[in-house]
Amino acid sequence: MRIIDLKSQQAVDALFYNAADTSERYSAQDTLAVQAAKGHRYDLTTGSVLLSNELRPMLRIVADTCGFHDTCAGACSCESNTVRFGHETRFMHACRENFLVEAAKYGMGKRDLVSNVNFFMNVPIRPDGELTVDDGVSEPGGYVELEALMDVLVLISNCPQVNNPCNGFTPTPIQIIISEP
Ligand SMILES: [Zn+2]
């Protein structure tokens, strides 16, 4: 699966489930713990293996023109928008709500939403542990490519956030290409 950031600076929120049993799903915690144990970093790039909550490999990043993808900062929601940006943002579109609409098609609900991947999102983490959502650095036409290591169900929210710089304050289209190996 190739995800293409057509116009640049577009955060792409994604969740992954075992297509045959959605109780097995992407685990950001296990993915980063195993990656850290190997001396790697807190973000995802080429070579990163996305693990499930059963510690099985779900996908591997095999190409990446951006260089890093966040999996710490989570998805935006109407509630977090309210807290972070003011009550008037309560009714703006948000990734959590997009995920819920798609998850419902597969019989899933709020309890099935877990920590997600934010492709192309720039989230520097300082030595003291504080993280910020910074300006995106992905170029127009930049892409990340994942190889599925099991049959996966992928939920994607092309982040509609306009209150922080994760999309350059202007959400833009992406393209997804699925191909057989
Ligand atoms: Zn979002």
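A charge is taken to sit over a ring if NZ of Lys or CZ of Arg is within 6 Å of the ring centre and within 35 degrees of the ring normal. In this predicted model, Arg90 lies over the face of Phe91, at 5.6 Å from the ring centre. A further case involves Arg2, whose charged end sits over the ring of Tyr143, 3.7 Å from the centre of that ring.

I turn now to the aromatic pairs. The structure holds two of them. In one, the ring centres of Phe16 and Tyr26 are 6.1 Å apart and the planes stand at 80 degrees, so the arrangement is edge-to-face. Phe16 belongs to strand β2, while Tyr26 is in the loop between β2 and α1, 10 residues apart. Phe16 and Tyr26 are buried. Phe16 also pairs with Phe119: here the centres are 6.5 Å apart and the planes again at 80 degrees, so this pair too is edge-to-face. Phe119 lies in strand β5, 103 residues apart from Phe16, and both residues are buried. Through these ring pairs, Phe16, Tyr26 and Phe119 form a cluster.

Finally, the metal site. Which residues coordinate the zinc ion? The SG atoms of Cys76, Cys95 and Cys159 do so, at 2.2 to 2.3 Å. The spacing of these donor residues in sequence is C-x18-C-x63-C. Cys76 is in the loop between β4 and α2, and Cys159 in the loop between β7 and β8, so this pair ties together parts that are 83 residues apart in sequence. Cys76 is buried, its relative accessible area being 8%; Cys159, at 2%, is likewise counted as buried.

Definitions and conventions. Residues are numbered from 1 along each chain as its sequence is written. This is a predicted model: local features need pLDDT of at least 70, side-chain atom pairs count only at pLDDT 80 or more; totals for chains, interfaces and linings use all residues. Side-chain values use heavy atoms; hydrogens and water are left out. Donors are N, O and S atoms within 2.8 Å of the metal (3.2 Å for Na, K and Ca); water is not among the atoms, so sites may look incomplete. Helices (H or I, at least four residues) and strands (E, at least two) are DSSP runs, numbered from the N terminus. Buried means under 20% relative accessible area, exposed over 50%, partly exposed in between (1.4 Å probe, protein chains only). Rings of Phe, Tyr and Trp (its six-membered ring) pair if their centres lie within 6.5 Å; planes under 30 degrees apart count as stacked, over 60 as edge-to-face and the rest as tilted.
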